[in-house]
Amino acid sequence: MDQVSAAPVLFLLSCFLGTVSGLLSKDFSECKEFFYHGIPPQGITGQEYQPICQKFNNMYRFATLYHRNHRVALYSAYKVRLLKQTVEEEWMFEPQLNGEDNDAEMQPLKKSDTFDNQASLQDYDGSLYTKGHLAPKQHQGTTDDKLATYTLTNIVPQRGGSNAGTWNDLEEEISKRKGSCTGEMYVITGTIPFESNSEAPSIIKKINNKVYAPEYMWSAYCCTNFKETDGNFFPTYAAVGRNYPDSKNDIVPKDPNVKGIMLGYDVKKMPLSDLEAILKEKLTSEKITLFDHDCKAN
């Protein structure tokens, strides 16, 4: 089939099957609606960071700041929409990360696919980690929103005790808090990498000697319209969780009384300013602001 006659057919197929686009952006301007006041976090800079506007079926679903050198997301930002519905997972990859001239539409990821510039399913095989969502499917409001989270550019290596245990509990708590948030709830969930001088084994710091695993997970939300009875948790709230059971106790203390798979994967809840101070130190920034004007209404 020649190129001219193939074009209409491909267009119809894309409309019928749906496509995922991971637009490589310069500044998130195409998907700024996922940030409070339309302004992304300030103070996180570097040529290694790549903004991605995650698009599915011709709509932007969330935003991701991707760490090119680590081959994982540094954070994903989204607005909480709750829909109790299960979806079949179908993993995707981002062609443009393999070359800016490649197709902007996310493509289904085959088990046999391998890449130099981003993670593949094979990287997780035999590792100590599960595939952890930063923008989780349970916080999405439509079927398409949920499906769009299954791109490996929204995924980080996460230990099972965190992913299925303590961090899952935090995600459920945020879902409950949305019931007290009467306006938009903006969430940014991200990671803190191991320091270069960390004594953790190499199989802990990387999977397949390629994809960097975070030492900590973090999350924060912003909601300026809320029920006054729940004012202690608004307008902002934040948390940091351990992703390595042998991390030091300086950021998140380890509770020795915890039993089972969640031992060593504690989550510490804190004010937004405390999280920003931690990120400032760990990401070596002069100042980090996650939400414009510290999530003040005006």
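This report covers the overall fold, the disulfides and one histidine of a predicted model.

## Overall build

The protein chain carries 6 helices and 14 strands. A compact globule of 298 residues would have a radius of gyration near 19 Å, and the protein chain has 19 Å, so the two agree. Along the principal axes, the C-alpha atoms fill a box of roughly 65 × 45 × 40 Å.

Of the 298 residues, 50% are buried.

The accessible surface of the protein chain is about 14700 Å². Carbon and sulfur atoms supply 49% of that surface. The protein chain has 32 positive and 39 negative charges.

## Disulfides

How many disulfides does the structure hold? There are 3. A disulfide is a covalent bond between the sulfur atoms of two cysteines. With bonded cysteines counted along the chain, the pattern is 1-2, 3-5, 4-6.

| Disulfide | S to S distance |
|---|---|
| Cys31 and Cys53 | 2.1 Å |
| Cys181 and Cys223 | 2.0 Å |
| Cys222 and Cys295 | 1.9 Å |

**Cys31 and Cys53.** The sulfur atoms of Cys31 and Cys53 are 2.1 Å apart. The torsion about their S-S bond is -75 degrees, and the link is left-handed. Cys31 sits in the loop between strand S1 (20-24) and strand S2 (49-56), while Cys53 belongs to strand S2, so the pair ties together parts that are 22 residues apart in sequence. Both Cys31 and Cys53 are buried.

**Cys181 and Cys223.** Is this disulfide left-handed or right-handed? The torsion about the S-S bond of Cys181 and Cys223 is about 100 degrees, so the disulfide is right-handed. The pair links distant parts of the chain, 42 residues apart. Cys181 lies in the loop between helix H4 (160-178) and strand S9 (186-193). Cys223 lies in the loop between strand S12 (214-222) and strand S13 (236-242). Cys181 and Cys223 are buried.

**Cys222 and Cys295.** A torsion of about 85 degrees about the S-S bond makes the disulfide of Cys222 and Cys295 right-handed. This pair, too, links distant parts of the chain, 73 residues apart. Cys222 is in strand S12, and Cys295 is in the segment after helix H6 (272-282). Cys222 has 1% relative accessibility, so Cys222 counts as buried. Cys295 has 2% relative accessibility, so Cys295 counts as buried as well.

## His70

Where is His70 placed? His70 is in the loop between strand S3 (59-67) and strand S4 (72-79). Is His70 buried or exposed? The relative accessible area of His70 is 17%, so His70 is buried, given that buried means under 20%.

Which residues does His70 touch, leaving aside those up to four places away in sequence? The partners are Pro193, Lys210, Val211 and Tyr212.

Technical notes. Residues are numbered from 1 along each chain as its sequence is written. This is a predicted model: local features need pLDDT of at least 70, side-chain atom pairs count only at pLDDT 80 or more; totals for chains, interfaces and linings use all residues. Side-chain values use heavy atoms; hydrogens and water are left out. A disulfide is a pair of cysteine sulfur atoms within 2.5 Å. Helices (H or I, at least four residues) and strands (E, at least two) are DSSP runs, numbered from the N terminus. Buried means under 20% relative accessible area, exposed over 50%, partly exposed in between (1.4 Å probe, protein chains only). The radius of gyration is taken over C-alpha atoms; the globule rule is 2.2 Å times the number of residues to the power 0.38. Accessible areas come from the Shrake-Rupley method with a 1.4 Å probe; for residues, only the protein chains shown count as cover. Lys and Arg count as positive and Asp and Glu as negative; His and the chain ends are not counted. The place of a charge is taken as NZ of Lys, CZ of Arg, CG of Asp or CD of Glu. Contact means heavy atoms within 4.5 Å.
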